[in-house]
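Trainee: Before we go through the model, may I put some questions about its helices and sheets? I should like the reasoning with each answer.

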Amino acid sequence: MPSPSSRRSSRPSRRTVLATGSALGGTLLAGGLPAPAAAASSAPQGSDPWRTVLDDADLVWQRMPKTWYEGPYLGNGFLGSGIYAEPGTEADTFQAVRFNVQHSEVQDHRPQFGSLFGLARLPIGYLTLEPVGTITGLDWRLGLHDAELTGTLTTGRGTLTIRALVHNSRSVLAIEVTPSEGERDFTWEFHPAQAISPRAAFKPIPQGYEANPPAQTGLYDGISAAVQPLLAGGQHVTAWRERTRGRARTLYVHVAHSYPKPTALGRALAAVRDASKLSYDALAVAHRAWWHAYYRKSFLSLPDARMQRFYWIQLYKTASAARRDAPAMATSGPWLEPTPWPATWWNLNVQLEYWLIHGSNHLELDAVTRALSEFRDNLRAEMAPAYRADSLGIPRTTDASLVNGGATDPALGYGVGIPGQDPPTPEVGNLTWALHNVWLSYRHTMDESILRDVLFPLLRKAINYYLHFLEPGADGKLHLPATFSPEYGGNSRDCNFDLMLLTWGCRTLLDSAELLGIDDELAPRWRDVLTRRVAYPTDDNGFMIGADIPFAKSHRHYSHLLAVYPLYELTGRTPDEKALIEKSLAHWVGFEGALQGYTFTGAASMSAMLGKGEDALSYLGQLMTRFIQPNTMYKESGPVIETPLSAAQSLHDMVCQSWGDTIRVFPALPAAWADLAVHNFRTQGAFLLSAVRKDGVTRWVRLVSEAGAPCVVRHGVPGPIEVRNGGGRPLRYESLGDGTIQVALRKGESALITAKGDRPDLRITPVEPNEEAPRWGLPA
């Protein structure tokens, strides 16, 4: 197999073109008419721009990865495998390679011990590939385009050529190994993990909590299986079989989980039996087809080679960790490792994990909307009994079905904080913040069923919880009793985290009721909140945590700034408002010590909102140099994945913003990004945006309307413009000033914006990098 370095010279030029027609790969003819899709199928090999940028973004390893933060990773939202050297070997000598086997559905079911122990995700185990000789070298490539790991292991006895994938739909880990003669006797070994919460290695174990009994390994008609019984009932089962075809030996692995009945064994055996009938090549056909179609839903190319590669890796990572029907991502995705965070976190992590699916046009990964809808009854059970009739909330941490089990205080039996309670309690606003993600899914699709069936009914009850506690003060304003701001410490009256979410929630409910034609009896109350709500507490340094607590220490969260980002309630519309945002942002990031990676993604997105592209790039640069690991993973006391994914959203915010019913094209680009290309970027209002910038000038902008929503765009094309439809005919538009126009587009119609008299090339090409940059992974 050629090495990554030698393969690089054979890749197509980054000048390969990308068509901007509605047909994938179709070329736009003059005036914006798409050519027939068949024209694309005859394109010569090497002319596929997605393949160009994806091959360029492949991670490579020419040194042995030793940890989760260094190695390759495969997944499909359910089954996940992180790959690195088997720990415990002597320094710089390696006897085996570990393929972790983990699954996002595998968890305990003992709520009496809380979400972090009794409902925690459970480790499954790992496989070791054990060569005959000592490993002396490796040459691996994680190919994003096909979502496969390929390469070789070199040992003192020969070579092992490897191909591996986690199949998109079959949820099977398939590993094909072709050995040289000296390595024909290599072996596989499965190592079941102790079925105990990973938090047990970091925190005291609750009284009465014990590990589940050991897994029992056996052979079932030629298929091996490790059956892990659970004390609460049910089981999870790892099944595997190796098949030999010629010199190649292929291992097939599947994990099944069942509760409360022990039915996982039959499903696991059947999945392996079915998959192992196929060769690796046959198995890979459908897998590769899914991934190829996935990437083609959008395109982004920018002149920072390291950043562009990082972006495409995040799209790979997201689809490896998330699917609509999979559990909402836990803190480490499907790649569970020893961690104090073996659950799903709702006071920031989930929200950040899913933001990038909207702009990148990947709503098929939206597990948040699905989970909140499916498990809404569990949200009621997490409330104190007095509020269950008309309120909903979500605790800080939950399992896959949004159950907490009273982990924060077992004596209370619920997991959502109560305003005014002392000592400090968990957050009140987590559900409202999570529903902002649902609102984004609605706004980016204009799918009224999301608004009617999920957002409005759940947000109504989330805001209703706040209404139980709002009280008028001596100043005649409505105030909140003390609540908790993630995760500053201490309770404060008029906490900005909650006031900001309450304000967004009331405004969104009123807008939603109008759109849905609902005459809601609570509408007067929501209007009253917007009219009489106390002002957000501020001091000389900007936004405070709340009326009782100034922002006075280093803190990673931007919970006190949610009205700025991501809610866009405060955007700098006036000089005083802009000054307040700038002061608050500088004060927040000015405290070193507790800052973490998502501090800098939040700061980058806030800077982008203010149009400060240089600042946004600077914050992302600090993130890359200080926090992002060799394989683009991230850690805070243990594996967590939200920060790199939110960095992709920060890039989105630099390239396009669509808050406030206005689409802003290239609103915050640094000077170094003089060339940029974007295709089928999804915006609020359900528009698909394609645009090109060359030599620092926006050459053209194209918008396709999927829903017929009002189209207001700040296009950035300098000077007088022309607007034409898909047939090349002029479209009427209204100039709103400041380079902003309004165009009437019906569903399915498009608008092409160019400089007057200009007929630019409407093809999109991957832009040339400003300079060379190292690949992600562990290159030589």
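**Helices and sheets in turn**

Trainee: Which word describes how H12 and H14 lie to each other?

Mentor: This is a predicted model, in which local features need pLDDT of at least 70, side-chain atom pairs count only at pLDDT 80 or more, and totals for chains, interfaces and linings use all residues. The axes of helix H12 (residues 430-445) and helix H14 (residues 496-516) come within 10 Å and cross at roughly 40 degrees; axes are lines fitted to C-alpha atoms, for helices over the stretch in contact, with angles from 0 to 180 degrees between N-to-C directions. Angles under 35 degrees count as roughly parallel, over 145 as roughly antiparallel, 65 to 115 as roughly perpendicular and the rest as oblique. H12 and H14 are therefore oblique.

Trainee: How far apart are the end C-alpha atoms of helix H7?

Mentor: Residues are numbered from 1 along each chain as its sequence is written, and side-chain values use heavy atoms, with hydrogens and water left out. H7 covers residues 305-321, 17 residues that should span 24 Å at 1.5 Å a residue; the expected span is 1.5 Å times one less than the number of residues. The distance between the end C-alpha atoms agrees with this, at 24 Å.

Trainee: How many residues of H7 are buried, and which residue has a side-chain oxygen reaching to the backbone nitrogen of Arg 306?

Mentor: Buried means under 20% relative accessible area, exposed over 50% and partly exposed in between (1.4 Å probe, protein chains only). In H7, 16 of the 17 residues are buried, so this helix is largely enclosed by the rest of the structure. At the start of H7, the side-chain oxygen that reaches to within 3.2 Å of the backbone nitrogen of Arg 306 belongs to Asp 304.

Trainee: How many residues of helix H19 are buried?

Mentor: H19 (residues 642-655) reaches 20 Å from its first C-alpha to its last, close to the 20 Å expected. The helix is mostly covered, and the count of buried residues is 14 of 14.

Trainee: Is Ala 264 buried or exposed?

Mentor: Ala 264 lies in helix H5 (residues 264-275). Its C-alpha atom is separated by 33 Å from that of Pro 65, 199 residues away along the chain. Because its relative accessibility is 0%, Ala 264 counts as buried.

Trainee: Which are the edge strands of the open sheet of six strands?

Mentor: The order of this sheet is S15-S28-S29-S30-S35-S32, with antiparallel pairing; two strands pair if DSSP finds at least two bridges between them. Within it, eight bridges join S29 (residues 687-694) to S30 (residues 697-705), and Phe 687 has Ser 705 as its bridge partner. Pairing on one side only are S15 (299-301) and S32 (721-724).

Trainee: Which residue in S34 stands opposite both Val 713 and Ser 735?

Mentor: S34 (residues 740-743) runs antiparallel to S31 (residues 711-714), and four bridges join them. Four bridges also join S34 to S33 (residues 733-737), again antiparallel, and S33 and S34 form a hairpin with two residues between them, where Asp 738 in the turn has a positive phi of about 60 degrees. Opposite Val 713 and opposite Ser 735 stands Ile 741.

Trainee: In the open sheet of five strands, which residue of S3 is the bridge partner of Tyr 73?

Mentor: The five strands follow the order S2-S3-S4-S5-S10, with antiparallel pairing. The edge strands are S2 (73-75) and S10 (187-192). S2 and S3 (residues 79-85) pair over three bridges, and the partner of Tyr 73 is Gly 82.

Key
A polar contact is a pair of N or O atoms within 3.5 Å; within protein, one must be able to donate a hydrogen and the other to accept it, and residues adjacent in sequence count only if both atoms are side-chain atoms.
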